[in-house]
Amino acid sequence: MEASPEQLTSLATSDLALSVDTFALGWQSAISRPPKFETTSLDFSGAAPRAISLKVPRVLPRVYSFTFPECPSYFQPAKKKSEPALARAAHEVSGDDAAAEKTATKKPTRIKPPGDIVKLEDRLYYVLQPPLENLMASGEMTFPFEPFPYQFQGIAFLYPRYSAILADEMGLGKTMQAISTIRMLVRSGEIRNCLLVCPKPLVTNWRREFNAWAPEIPLSIVEGDSNKRRWQWTEATAPVTIANYELLMRDRDVLDSGIHFDLVVLDEAQRIKNTGSTTSEIVRSISRTRSWALTGTPIENRPDDLVGIFEFLSPGYLQTGLSAKKMADLVRDHILRRTKDMVLTDMPPKMFRDAELDLTAEQWATYKMAEDEGIINLNNMGEQITIQHVFELVLRLKQICNFDPLTGTSAKLERLEADMEEVAASGKKAIVFSQWTKTIDQMKPGLARFNPLEYHGKIPSAKRDGVLKEFKENKDRHMIIMSYGAGSVGLNLQFCEYVFLFDRWWNPAIEDQAINRAHRIGAKGAVTVTRMLALNTIEERINQVLEHKRELFAAVIDQTGGASSAGLSQGEIFGLFNLRTPKGPIRTAA
Amino acid sequence: MPDAKSRTPAALGFLTVTEHAELGLFGGYLVLNAAGRPLEFHCTSPVKPNRAQEILYGPTLRPYLFGEQIGQTLIAKAKNEVALVCTDLAACLAAREFIERPLLVVFAKESASAAESEFAVGSRFSFGRNEVATAAKFEADQQAVQELSAQLSDGIDLLEPFARIREALEEAQKSVRPAAA
């Protein structure tokens, strides 16, 4: 119940002061003491957050630096209208869009350092070089015609190598590739002097090719009497010296007198396959920094032929007796070998025709008599028989296969005359190869109507260029008869569309070289090769050996492995007549 | 006759970065003379961002690594003065902040448009046979570059040297690996 306002007013005005008596109790004093307080602090500011630092490094990466020499004359941009190397493609864009597009799609050829260069700086020097197509087009480097892509690859192969074999098949332009690389090395200052050694008949060819492919590089041809040659060896300042193998022998003392070459190039390097030969000894003794070998036939008889060449390139690198596969592995980085089939897919084909002929009755009678008598004589010799005796019989029989010595009849000549009628009638030209000048003399009368020219060992060197010029330019000269020895290397006869092998050489590589006089770059049409072979004779048996040797070459150089040595060994030569060697049974050639 | 200081140097610089799945980034800088011959080559040890950098830099990580860390460091090492520097990676344009010469990104024909680039690039323009662009902040470089083009060449193949750099970086890595093994 709530109090009314009147009641509340009555209370306020009433006297409430009542008398209070206190008693002395002990606890009353305690009441008068001030109270004691105990305090407790509570912190309401909160805990500070824990800081976690993440390290953001600003350490700069380590830098490896390489600097390269800039040679003053090396492919500097031409002063006239020529553009820097890098500009070449653009130049083509502005000139001919289609051509430029084609160029742009070509894979550029780059120099790759060989495996035996180990220093990183040296390897980078080659890796960082511009594509050869750019280099070639820059500055004052001009060419008679644009090199083929595989030729650029050949240059890129040779350029960084200190020991190399360029083993392209004949006709692919080993000369041009070597010259262009020498030119680049000379102009870059990487080499100051180069010695090129070639067979004597090829000196003029090399001079001509240098004039075409490196016209600005001065040449010194070693020739003349001994005093002149001495001066040329010691005083000539031209960066390129050309000498022939024969002169090296005569000038050996001069070469041994401290002359050094930055590069020595051996053309037709198969000449030094025999390490015991004087030629091999002399070239190996030349003081040099780089060594290159050019040969279309690095293996002529057996894989050990390569050992001889490598004794010049890198002494001790190869040993005789290695298996074909092992040798292929070792030489892979040092040899570049291309065939026309591999690189010139648009080159006219090379067609082989084996003219398997029956000897004339007269030839056959003579042949049988000679063979029978010869074998009887050889058998009668017993232990006295030597390889020379067998050789003599082989050569005699081969000559009978060419011409009957009694009557002069020849199944091969008959066939050759018939074929030449067609060749001459169509205005074409042919090369005929034989290994004997005597055979060449015998065939001349029957071929007189084709105005044959001759090119062999009996033709003086001074007249040989004239013979070739006459053959090339005179429309009435339909054929040239050559010996394998004189005509198988270094000659450019690509205007010929027919090659006749009147007799077969012992070595398929020599035959290939002969054929490739005609079947090479610039060949206008298909080259027809007619290999004449007398059936059921020694020629047929030799042919089987030659086929086996071709397989050998493929095994090592084409690196498919597997084949064993297949040189024309003593056993094989004896086997041609099913004879026994003095020391026991022999293996037949086939 | 212009004095030596005002002459435009004939050398060109080429900067790129390759990425190795395990080792990280390798930078390469190649200086060529006007004939395309190498004068200098510089390369870095591998650069690998840590997790913190990946988080903190976010989308700017690559320009930071390519331009500031690698590009700037490499270009600073060169002894030859160059007329301009080219790169084939837009992220390297970040290095322009730290160098005095123009820096161009060179586009391959089939490359993405500038708008899709990982670094802000300016508008494209033709330089010889190539399409190029400057960094967006340095579009004034275009004028300088076009003046240079008359002195160097109308149409330089600016993409070709990058193949050389990549091969050289591979070669350098190959030479280090056997030694490290």
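**Close-up views of a predicted two-chain model**

**View 1. Two helices of chain A, α7 and α8, lie oblique to each other.** In this predicted model, helix α7(A), residues 149-158, packs against α8(A) at an angle of about 50°, and the axes of the two helices are 9 Å apart. The crossing of α7(A) and α8(A) is right-handed. On the side of α7(A), the residues that take part are A:Q151, A:G154, A:I155 and A:L158, and they meet A:M176, A:Q177, A:A178, A:S180 and A:T181 in α8(A).

**View 2. The largest nonpolar core of the model has 62 residues.** The members that touch the most other members are A:L166, A:L196, A:V265, A:L266, A:W292, A:A293 and A:I309. Helix α8 of chain A, residues 174-188, supplies the largest share of this core, namely seven residues. In soluble globular proteins, nonpolar side chains tend to be buried together. Which residues surround A:I309 once its neighbours within four places in sequence are left aside? The contacts of A:I309 are then A:I165, A:A269, A:I272, A:K273, A:A293 and A:P298.

**View 3. Seven strands of chain A form an open sheet with parallel pairing.** The strands of this sheet follow the order β4-β5-β3-β6-β7-β2-β8. Strands β4 (219-221) and β8 (335-336) of chain A stand at the edges and have a single partner strand each, so that one side of each is left without a neighbour in the sheet. Strand β2(A), residues 163-166, pairs with β8(A) in the parallel sense over two bridges, and A:I165 has A:I335 in β8(A) as its bridge partner. Helix α9 of chain A, residues 203-213, packs on the sheet and touches β3 (194-198), β4 and β5 (240-244) of chain A, while the direction of α9(A) makes about 160° with that of β5(A).

**View 4. An open sheet of eight strands, with mixed pairing, takes strands from chain A and chain B.** The order across this sheet is β1(A)-β3(B)-β2(B)-β1(B)-β4(B)-β5(B)-β7(B)-β6(B). The edge strands are β1 of chain A and β6 (125-127) of chain B, each of which pairs on one side only. When direction is ignored, neighbouring strands of this sheet are turned by 30° against each other on average. Strand β5(B), residues 103-107, and strand β7(B), residues 130-133, pair in the antiparallel sense over three bridges, and here B:V106 stands opposite B:V132 in β7(B). Helix α2 of chain B, residues 61-77, lies across β1 of chain A as well as β1 (11-20), β2, β3 and β4 (82-87) of chain B, and runs at about 35° to β2(B).

**View 5. Strand β3 of chain B, residues 38-44, is largely enclosed by the rest of the structure, because seven of its seven residues are buried.** One of its pairings crosses between the chains: strand β1 of chain A, residues 63-67, and β3(B) pair in the antiparallel sense over five bridges, with A:Y64 having B:C43 as its bridge partner. Strand β2 of chain B, residues 24-32, also runs antiparallel to β3(B) and is joined to it by five bridges, and in this pairing B:L32 stands opposite B:P38. Together β2(B) and β3(B) form a hairpin with five residues between them, and B:G36 in the turn has a positive phi of about 90°.

**View 6. Helix α23 of chain A, residues 508-515, is buried in eight of its eight residues, so it is largely enclosed by the rest of the structure.** Among the buried residues of α23(A) are A:P508, A:I510 and A:I515, and also A:E511, A:D512 and A:Q513.

**View 7. A:E417 lies in helix α19 of chain A, residues 411-425.** Is A:E417 exposed, partly exposed or buried? A:E417 has 15 C-beta neighbours inside 10 Å and therefore counts as partly exposed. Not counting residues up to four places away in sequence, A:E417 touches A:G446 and A:L447. A:F450 is 33 residues from A:E417 in sequence, and the two are 9.2 Å apart in space, C-alpha to C-alpha.

Notes: Residues are numbered from 1 along each chain as its sequence is written. Chains are lettered from A and ligands numbered from 1 in the order in which they are written. This is a predicted model: local features need pLDDT of at least 70, side-chain atom pairs count only at pLDDT 80 or more; totals for chains, interfaces and linings use all residues. A nonpolar core is a set of buried Ala, Val, Leu, Ile, Met, Phe, Trp, Tyr and Cys residues joined through C-beta atoms within 7 Å. A residue is buried if 20 or more other C-beta atoms lie within 10 Å of its own, exposed if 12 or fewer, and partly exposed in between; C-beta atoms are placed from the backbone. Helices (H or I, at least four residues) and strands (E, at least two) are DSSP runs, numbered from the N terminus. Two residues are in contact if their C-beta atoms, placed from the backbone, lie within 7 Å. Two strands pair if DSSP finds at least two bridges between them. Axes are lines fitted to C-alpha atoms, for helices over the stretch in contact, and angles run from 0 to 180 degrees between N-to-C directions. Angles under 35 degrees count as roughly parallel, over 145 as roughly antiparallel, 65 to 115 as roughly perpendicular and the rest as oblique. A crossing is left-handed if the near helix is turned anticlockwise from the far one by less than a right angle, and right-handed if clockwise.
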